[in-house]
Each structure stands twice: as structure tokens, then as C-alpha cells.
Amino acid sequence: MNVVTRLASELRLMMRRPERLQFAALCYRKTGDKTGIEVLLITSRGTGRWVIPKGWPMNGKLAHAVAEREAYEEAGVKGKAEVKPLGTYSYMKGLDSGFEIPCKVQVHALKVSGFANNYKEKGQREMAWFSCAEAAARVVEPGLKELILGFENRGTQDSAESA
């Protein structure tokens, strides 16, 4: 590697901004036949692509509580998020200014127990339930696809344990 290439590489690293942290909820429910699970996807307000509820850290709130709050505000979801995260994924968040910033999203499973009639972003997004395979096919972020597909095993494990 020549000096110019090495300097260019080091300059790119120095200019790179650290990832901003967000917290998300992977909202799920048992399927009608109780043999598997479905996950809830919502559309983003800006691009209309399929995503999961997520948001920025909130003062005084733990990560799983932020995930619960975002699920409620964005989709009207009631339920409890697990304290232990499922995992993380990264993506580039587009800003209104046209710039993009790198974000790391910590995802918490949230078992849906109900829905609110009124919530902050009602009417601003579409929502739909999908099998894990279909949800993974609809989301864009590769890391989120992997988390959803890995989560699919939970439905069959839970069913086997309750049998």
C-alpha cells in the first residue's frame, strides 16, 4: 500500500462519524394455529419502506422501555419488551437535510398484548402482520433480515415447549 492510499484510508476513518444508537421493538404474536409467530411491520413515514418501530434514547428510560414506547407511539402496540436484546443491526438513516448518518439499532422482542385506539402516529403509517420469512423479504436492511429470520425459530421452540 503506497503512502497516498494509506493516508486516504486513514482520513476516511477519521472523518467517519460514530454510529448513533437507536432502540427498536420486534413486535410479535402467535399465529392462529399456535405453531409459529408473526411479526408486525410498519411503513416509514418518509420512504414508505417496511420497518420496525424504533427511536432515539430517552432520558431516564432503559432500552427496552424505549422500544415499548416507540412501538406504542408508532403502531399503537401494547405489550412488554424483553430486557435482553435480540441483537443489533446497522443502517444509514436519511435526514431531512439530505445527509445520511450511520445508526446502530438495538432490537428487543415485544410480545403484543393489544392495540390502542388512539396513538401519536395513527394514520401516518401502514401496518401489517407477516410470517418471519415474508417480513424478512420485505425489509431492506440485511442485519434486520437476519434478526427476523433468526427469531422465527422462537415460534417453533415455544410451541414444542408447551406441547
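Start at the hairpin of E6 and E7, and select Gly98. This glycine takes a positive phi near 100°. Five residues lie between the two strands of this hairpin. Keep in mind that the model is predicted.

**Along the hairpin**

Now select residues 87-94, which form strand E6.

Next, select residues 77-81, strand E5. E5 also pairs with E7 in the antiparallel sense, here over five bridges. Zoom in on Gly79 and look across to E7: Val112 stands opposite.

While the strands are on screen, follow the side chains. In a regular strand they alternate between the two faces of the sheet.

**Two cysteines**

Select Cys27. It counts as buried because its relative accessibility is 0%. Move on to Cys132. At a relative accessible area of 1%, Cys132 is buried too, since the cut-off for buried is under 20%. How many disulfides does the model contain? The count is zero. A disulfide would be a covalent bond between the sulfur atoms of two cysteines. The test applied here is a pair of cysteine sulfur atoms within 2.5 Å.

**Zoom out**

Switch to a cartoon of the whole chain. There are four helices and eight strands.

Now show the surface. The accessible area is about 9700 Å², and carbon and sulfur atoms hold 52% of that. Of the 163 residues, 40% are buried. Turn to contacts with a separation of 6 or more: 67% of them join residues 24 or more positions apart.

**Last stop: confidence**

Colour by pLDDT. The mean for the protein is 87, and 85% of the residues reach 70 or more. Then select residues 156-163. Here the pLDDT is below 50. Beyond near neighbours in sequence, this stretch makes six contacts in the model. Where pLDDT is low, predicted coordinates should not be read in detail.

Key
Residues are numbered from 1 along each chain as its sequence is written. This is a predicted model: local features need pLDDT of at least 70, side-chain atom pairs count only at pLDDT 80 or more; totals for chains, interfaces and linings use all residues. Side-chain values use heavy atoms; hydrogens and water are left out. Buried means under 20% relative accessible area, exposed over 50%, partly exposed in between (1.4 Å probe, protein chains only). pLDDT is the predictor's confidence in each residue, from 0 to 100. Contact means heavy atoms within 4.5 Å. Two strands pair if DSSP finds at least two bridges between them. Accessible areas come from the Shrake-Rupley method with a 1.4 Å probe; for residues, only the protein chains shown count as cover.
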